[in-house]
Amino acid sequence: MGRLHQRRGQGAGRGVANSVSNEKEPRRRRLFRLPFGGAGRIQDEVDEEIRFHIEERAARYEAEGMSPSEALAEAERRFGDVDSVRHEVEKMMTRRRRAMQRSDLVGDVKRDVAFATRQILSHPVFSAVAIATIALAIGATTAIFSVVDGVMLRPLPYDEPDELVMVWMDYTERDVVLADKAREWLSWPNFADFRDEISSVESISAFTGWRPTLTGDGTDAQQLFGTQFSHGMFAEVLGVAPAMGRGFLPEDDVPDGPAVVILSDGLWRRAFGADPGVVNQTVLLSDIPYTVIGVMPPDFQPPPFLGTDAWTTLQFDRTNGGGRGSIFLRAVGRMQDGASVELVRAQARDLGARLEQEYPVDNVDTNFNVYPLHDDLVTQASTALWVLLGAVGFVLLIACVNVANLLLARGATRSSELAVRVAMGAGRRRIVSQLLTESSLLAFVGGAVGIGLAYLGTDVLVRMAPAGTPLLDQVAVDARILGFALLVTAITGSLFGVIPALKAARTDPAGALREGGRSGAASGSAGLRNTLVVGQVGLALVLLVGAGLLVRSFQNLQRVDLGFEPEGVLTMRVALPGVRYDDAETRLGFFGPLEERVGALPTVESVGFVDALPLAGFDGDASFMVEGAPPPQPGLEPAVWLRRSTPGYFEAMGLQLLAGRGFTSSDDGEATRVIIVNETLQRDYFDGQALGKRLNVNSPENPVWREVVGVVRDIKNFGVRADSRNAMYLPYAQAPSTFLFAAVRTTGDPNNLVNPIRTIVSELDPGIALSGVQPMEELVTLSLATDRFTTSLLGGFAMVAMLLAIVGLYGVVSYTVSMRMREMGVRIALGAPQAGIRMLVLRWALALVAAGIGLGLVGAVGLTGLIEGLLFGVPTTDPVTFASVAGLMVGAAVLASLIPAIRATRVDPIEVLKSE
Amino acid sequence: MAQNPNLVRGTLDLLILKSLTWEPLHGYAVSEWIEKVTDGSLLMEEGTLYPALHRLAEKGLVEAEWGLSENNRRAKYYSLTHAGKGYLEREAASWAAYTNAVAKALAVESPIP
């Protein structure tokens with residue numbers, strides 16, 4: 001308190017008035033420093049001083065015998081020019097007072113900060129709790145925001161990224177086996193028509209995945225990830241150029257053009273030791289010699305669909321790009337300046353409709369779809385990320401409420417201090433600014449710690465993020481993010497600071513002091529604090545419901561019957577260079593011995609190969625027709641997920657045979673054409689009896705009838721969430737391709753087989769690279785990565801939210817109990833049973849929680865619709881989740897209020913009443 | 001702002017500071033003190049006292065505070081600050097040295113002593 005008498009405030013004038021009337025001793029008096037005031041008060045002061053002088057002088061002359069009027073006139077004459085003196089003095093005082101006000105403002109801020117620092121240091125537990133709460137909330141919010149910002153808000157790292165569009169075929173009208181019917185790939189003729197006719201797209205490039213094997217002198221064969229694209233991808237569409245060498249020229253992209261390749265900076269460093277001489281050298285890619293024409297700069301971030309290592313030309317024109325029904329291309333284009341996506345889409349839909357008329361077989365029920373490239377890339381990630389950002393915002397809000405409640409509680413215990421200060425003349429504005437300084441200081445210390453946490457958190461998030469999340473390399477904690485954190489901190493500080501400060505400023509000094517420092521002013525702030533706790537519980541409940549729904553949905557996903565047994569299976573991709581393995585004989589000559597030798601390894605139970613693994617995503621489809629059934633309308637043949645597999649595959653993958661037989665080594669190119677179908681296809685096309693029937697795959701004009709020899713279970717070929725669709729398996733020996741995935745079932749740890757298998761492959765052919773080596777279980781885990789990411793984060797946020805809300809509730813209940821000690825003492829003295837006291841407190845706490853839960857349930861019903869797309873097998877209003885979350889909250893609330901409730905029963909009535 | 005032409009610049013400040021040596025005074029009391037000790041010979045217009053007082057306050061040599069006069073009227077009292085005391089001592093010393101030197105010079109009777 002010692003420092004308070006130094007404070008200058010508007011109230012000081014009142015102090016002077018008091019002392020004027022009370023002070024009796026002449027000349028030895030308590031003097032007050034000049035109070036502040038407006039210009040009007042300066043004039044009054046100067047007037048008063050001059051008048052005093054003249055009147056004292058006149059009084060003396062009167063005492064010497066002059067008449068009153070003579071005395072006054074003489075006094076005025078002696079004084080001189082009153083107006084000019086007054087004017088000069090006023091000017092000086094005004095100047096001086098302005099300077100003082102300025103330095104006082106600086107002084108006030110300094111004093112406020114010093115005082116706040118002392119307050120914070122002298123309540124270490126309170127401050128630590130508040131700062132930790134703020135730091136956690138700001139850290140989490142900033143970390144999530146940095147991911148949202150990097151993935152969704154930052155523009156793509158290319159010139160005028162808003163002009164980039166992705167072009168797809170729209171197959172939503174068709175019955176096909178596709179992962180996303182709105183985003184189907186293009187055939188070359190459809191692409192070429194789009195390129196030539198859509199005027200609002202300035203340049204467009206079609207591309208297809210390219211996974212060549214790089215072989216060089218003495219080094220291990222490497223599987224590369226890249227694309228082949230039609231002319232224009234780099235310079236025209238993306239607006240990028242190689243750092244060394246040259247870009248692709250139109251003459252590189254013609255049928256039978258030169259084999260040229262551009263390398264990424266990463267590959268150039270990794271495989272060529274950053275040798276600048278690599279340009280114009282020849283490298284072997286899948287045994288084909290390519291000339292390196294350029295190396296991309298290190299800061300080139302190819303969009304995810306372009307791969308990371310090497311790029312070459314597609315070399316198609318109208319003569320060699322395949323038929324209109326052969327869809328294997330995607331396309332990315334750049335719109336003309338000023339063109340809108342809507343315009344492009346409209347032009348494309350017109351063209352699509354025309355092509356459908358011109359090519360009624362291949363293009364029936366199809367059209368083009370056009371999306372902005374950025375939207376297209378992040379479409380998968382966006383719902384989850386926005387939901388997470390919203391959730392972390394809730395956590396931040398709850399944290400603010402908690403700190404506000406802490407401050408309110410402390411404000412109540414400090415009310416006598418504040419009352420003394422108000423009584424001493426501290427202005428309301430000064431009190432508010434003092435308290436706001438304190439809360440801002442807390443917020444900024446919390447914010448600083450939070451930014452540190454955000455650095456770590458962002459790192460963890462990026463590492464945790466599901467593998468497919470696009471644009472993660474753009475995520476960084478930089479000035480932009482720091483600005484966001486600063487903004488959040490400022491908002492946070494004012495959110496939790498303003499209400500307690502205003503509350504405190506309304507302190508009635510008389511009332512507070514009369515209560516003798518027994519922390520009065522409680523009733524009003526208690527109502528406010530109850531409201532805050534109700535809101536907190538409500539917010540936490542909404543998060544808990546969201547998290548609960550996601551957890552239940554995730555459980556459902558994990559319980560989904562995949563149709564095969566992933567445990568103990570190692571998978572990998574084996575690609576043969578088509579140049580050397582150019583016929584069935586050579587391909588079988590490689591895979592046959594490989595299967596045999598891997599099968600002979602210890603712990604290996606079975607080995608098989610297939611050309612696409614379950615869950616691995618879409619990999620092309622085929623059409624078929626059943627022998628004897630009415631021929632389907634041309635172009636609308638039913639679609640099927642068609643795979644080739646070796647005889648051991650079904651056993652190795654644990655894919656159960658329901659009827660008939662599996663493939664054997666005698667199902668070779670010479671034997672009868674056979675096929676195995678899945679349950680769905682048998683049910684839908686063979687009335688449940690497929691064995692012995694025949695069907696044809698593709699080319700309806702020249703059917704090759706294949707006999708169904710077996711029926712296998714459905715598997716989740718398009719991911720865990722998708723329904724099973726038609727599937728067929730051909731014996732690999734009757735349709736050999738250049739690459740296959742191996743599935744090796746072992747009794748031991750699948751990872752132990754990696755090296756022995758590598759050795760066998762390189763002994764068979766050192767020029768062959770393995771890629772995608774991973775246990776099948778990992779593939780299953782990966783396919784749920786996004787769900788796991790969202791569920792665990794939202795679950796974490798919800799738990800933190802509940803914890804904060806419960807801590808808030810505990811604080812309010814125990815504070816109220818301590819405020820009502822006297823009442824409890826009286827009740828006990830009057831013979832109230834302990835159980836009754838406990839119930840009193842519990843009932844009161846539960847009333848708050850019930851209000852919060854009610855509010856939260858209403859909010860949840862309104863908000864869970866936002867996560868509908870993330871849920872699997874759970875309705876957004878799942879009563880089980882709602883009920884159990886409410887129950888959880890009630891349970892936690894009871895636990896939190898039990899401690900203060902028990903304390904209330906321990907009140908010693910004599911002690912309490914004596915202390916009055 | 002007519003002043004006694006004999007009043008050397010800075011002298012009034014010095015007199016004001018001197019008047020406050022013993023206790024805080026209001027402006028009128030300061031004028032009375034000066035009148036008394038100088039036989040009314042220096043301060044012709046009392047009003048000039050106030051700009052001087054406020055100038056001294058601005059320099060931090062005096063401090064102004066409201067208080068009560070002998071007959072219980074509100075009056076502004078001026079007191080010497082620590083800086084004001086030091087200033088007065090230094091100025092008084094140099095004033096004495098100055099007047100001494102001038103007096104010595106004026107007392108000389110032969111052309112070259």
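## Basis

The model is predicted: local features need pLDDT of at least 70, side-chain atom pairs count only at pLDDT 80 or more, and totals for chains, interfaces and linings use all residues. Residues are numbered from 1 along each chain as its sequence is written, chains are lettered from A and ligands numbered from 1 in the order in which they are written, and side-chain values use heavy atoms, with hydrogens and water left out.

## Interface of chain A and chain B

In the interface, 30 residues of chain A are in contact with 37 residues of chain B (contact means heavy atoms within 4.5 Å). About 3500 Å² is buried between the two chains, and carbon and sulfur atoms give 50% of this area. Buried area is the accessible area (1.4 Å probe) that two parts lose on being put together, summed over both.

There are 16 residue pairs in polar contact between chain A and chain B, both residues being at pLDDT 80 or more. A polar contact is a pair of N or O atoms within 3.5 Å; within protein, one must be able to donate a hydrogen and the other to accept it, and residues adjacent in sequence count only if both atoms are side-chain atoms. On the side of chain A that touches chain B, α1 (12-22), α2 (39-63), α3 (68-79) and α4 (82-122) each supply at least two residues. Helices (H or I, at least four residues) and strands (E, at least two) are DSSP runs, numbered from the N terminus. The most comes from α2(A), with 9 residues. By class, this side of chain A has 11 nonpolar, 3 polar and 16 charged residues. Here Ala, Val, Leu, Ile, Met, Phe, Trp, Tyr, Cys and Pro count as nonpolar, Asp, Glu, Lys and Arg as charged, and the others, Gly among them, as polar.

## Salt bridges

A salt bridge is a side-chain nitrogen of Lys or Arg within 4 Å of a carboxyl oxygen of Asp or Glu. Glu35(B) pairs with Arg78(A), with the closest N and O atoms 3.5 Å apart. Both belong to a network of salt bridges that also links Arg57(A), Arg60(A), Glu64(A), Glu32(B) and Glu46(B).

Within chain A, Asp765(A) forms a salt bridge with Arg580(A), the closest N and O atoms being 2.8 Å apart. The pair links distant parts of the chain, 185 residues apart: Asp765(A) is in the loop between α19 (754-764) and β24 (770-775), and Arg580(A) in the loop between β14 (569-575) and α16 (584-599). Asp765(A) is buried at 5% relative accessible area, whereas Arg580(A) is partly exposed at 38%. Buried means under 20% relative accessible area, exposed over 50%, and partly exposed in between (1.4 Å probe, protein chains only).

## Chain B

Chain B has an open sheet of 3 strands in the order β1-β3-β2, with antiparallel pairing. Strands β1 (25-26) and β2 (62-68) stand at the edges with a single partner strand each, so one side of each is left without a neighbour in the sheet. Two strands pair if DSSP finds at least two bridges between them; 2 bridges join β1(B) to β3(B) (residues 74-80). His26(B) stands opposite Tyr77(B) in β3(B).

In helix α2(B) (residues 27-37), 8 of the 11 residues are buried, so the helix is largely enclosed by the rest of the structure. Among the buried residues are Glu32(B) and Glu35(B). Just after α2(B), Asp39(B) takes a positive phi of about 55 degrees.
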